[in-house]
Amino acid sequence: MPNAPDPAPAPREQRPRRVTIDPEGPLLVEGPVEVVGDDGRVIASRRFTAAICTCRRSRTYPWCDTSHRRRVRQDDEPEPDTDTDAGTDAATDQES
């Protein structure tokens, strides 16, 4: 029923919730989880583990949709090829 009161909350578990920090990905929190947004809105997840976006690129924010994988960091860019011998071909090698 739409106006029915919420059921009584379940007793708290003895063990604290586990939060796993991934420096290149989301914050993983054992569920169920309620997230309070900066606007005060409460968003709930009843999943076993909730992935909370930390890069703010997710289209389903505050939940992670793996948008962080498309981000390229400065130190991950390939370095230009500085080896001058790497581009030799067979014809050049035969002339010597």
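**A walk through the sheet**

About 8,700 Å² of accessible surface belongs to the protein chain, and carbon and sulfur atoms supply 50% of that. Keep in mind that you're looking at a predicted model. Of the chain's 96 residues, 19% count as buried, with buried taken as under 20% relative accessible area. As for contacts in the chain with a separation of 6 or more, 17% link residues 24 or more positions apart.

Now for the layout. The chain has five strands and one helix, and reading along the sequence gives you β-β-β-β-β-α.

Three of the strands come together as an open sheet, ordered 1-2-5, with antiparallel pairing. Strand 1 (19-21) and strand 5 (49-52) sit at the edges, each pairing on one side only. Going from one strand to the next, the twist averages 20°.

Let's start with strand 2, residues 27-30, which is joined to strand 1 by three bridges and runs antiparallel to it. Strand 2 also pairs with strand 5, again in the antiparallel sense, this time over four bridges.

Which residues of strand 5 make up the covered face, and which the uncovered one? Ala50 and Ile52 are on the covered face, while Thr49 and Ala51 are on the uncovered one.

Terms used
Residues numbered from 1 in each chain as written. Predicted model: local features only at pLDDT ≥ 70, side-chain atom pairs only at ≥ 80, totals over all residues. Heavy atoms only, no water. Pairing = 2+ DSSP bridges. Helix = DSSP H or I, 4+ residues; strand = E, 2+ residues; numbered from the N terminus. Axes fitted to C-alpha atoms, helices over the stretch in contact; angles between N-to-C directions. Buried < 20%, exposed > 50% of the residue type's maximum accessible area, 1.4 Å probe, protein only. Contact = heavy atoms within 4.5 Å. Areas by Shrake-Rupley, 256 points an atom, 1.4 Å probe, with all protein chains shown as cover.
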